Amino acid sequence: MWIYEKKLQYPVRVSKCDPRLAKMLIEQYGGADGELSAALRYLNQRYSIPDKVIGLLTDIGTEEFAHLEMIATMVYKLTKDATPEQLRDAGLGDHYVNHGYSLFYHDAAGNPWTAAYIASKGDPIADLYEDIAAEEKARATYQWIIDNTDDPDIRDSLRFLREREVIHSLRFREAVEILKDYQGSKKVF
């Protein structure tokens, strides 16, 4: 079904070790509105949505996994040279004790990822509005993370991710209109 190209969707460059920023980015790794939650939400919803928009959910869900890979790369690069003391000072001491330098799916506050983050009502319009909200929340989070760093390389990658969230939101809005038209049309069986 998928072809995995062994490269990131967009280059990730990091200028300096910054565990504080890594802690913020972890929100997009394992948080409620992060990339893992989005990917699983969309790929799950596609089974109960009309054929007219299944491909959209598949495409965006797959792309969210590419974003997850970018976030993981950023967090790794931001922490790989950090000392345990730097991690502790950045609020990642508990993470280090439990996982070392390994990534783990939790939010910036340390709450573990949960399947409760995956909203799926089974109503196509309700699900798409949920998806629009998720993309807008992710966009806002990326902006707030951008506001918290002066690293031009990281800002560049985060701007790319923020703009993809905008595109996804627009595509979901288009899908709502397609389904509204579809639901209102006369069907002959």
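Axes here are lines fitted to C-alpha atoms, for helices over the stretch in contact, and angles run from 0 to 180 degrees between N-to-C directions. Helices are DSSP runs of H or I with at least four residues, numbered from the N terminus. The model is predicted: local features need pLDDT of at least 70, side-chain atom pairs count only at pLDDT 80 or more, and totals for chains, interfaces and linings use all residues. Residues are numbered from 1 along each chain as its sequence is written, and side-chain values use heavy atoms, with hydrogens and water left out.

**View 1. Helix H2 packs on helix H3.** H2 spans residues 35–45. Its axis lies 8 Å from that of H3, at an angle of about 160°. H2 is therefore roughly antiparallel to H3 (angles over 145 degrees count as such). The crossing is left-handed, meaning that the near helix is turned anticlockwise from the far one by less than a right angle. Contact means heavy atoms within 4.5 Å. From H2, residues including Glu35, Leu36, Leu40 and Leu43 meet H3 residues, among them Leu57, Phe65, Leu68 and Ile71. By class, this contact has 11 nonpolar, 5 polar and 2 charged residues. Ala, Val, Leu, Ile, Met, Phe, Trp, Tyr, Cys and Pro count as nonpolar, Asp, Glu, Lys and Arg as charged, and the others, Gly among them, as polar.

**View 2. Helix H1 packs on helix H3.** H1 covers residues 19–30 and H3 residues 51–79. The axes are 9 Å apart, and the angle is about 160°. H1 is therefore roughly antiparallel to H3. This crossing is left-handed. Leu21, Leu25 and Tyr29 are among the H1 residues that meet H3, where the partners include Ile71, Met74 and Leu78. The contact has 12 nonpolar, 2 polar and no charged residues.

**View 3. The largest nonpolar core has 24 residues.** A nonpolar core is a set of buried Ala, Val, Leu, Ile, Met, Phe, Trp, Tyr and Cys residues joined through side-chain atoms within 4.5 Å. Buried means under 20% relative accessible area. Leu25, Ile71, Met74, Leu158 and Leu161 touch the most other members. H1, H3, helix H6 (124–146) and helix H7 (152–184) each supply at least two residues. H3 gives the largest share, 7 residues. Beyond its neighbours within four places in sequence, Ile71 contacts Leu25, Gln28, Tyr29, Glu35, Tyr142 and Leu161. Another core, of 16 residues, lies apart and includes Ile49, Ile54, Leu56 and Ala134.

Key:
Parallel < 35°, antiparallel > 145°, perpendicular 65-115°, else oblique. Buried < 20%, exposed > 50% of the residue type's maximum accessible area, 1.4 Å probe, protein only.
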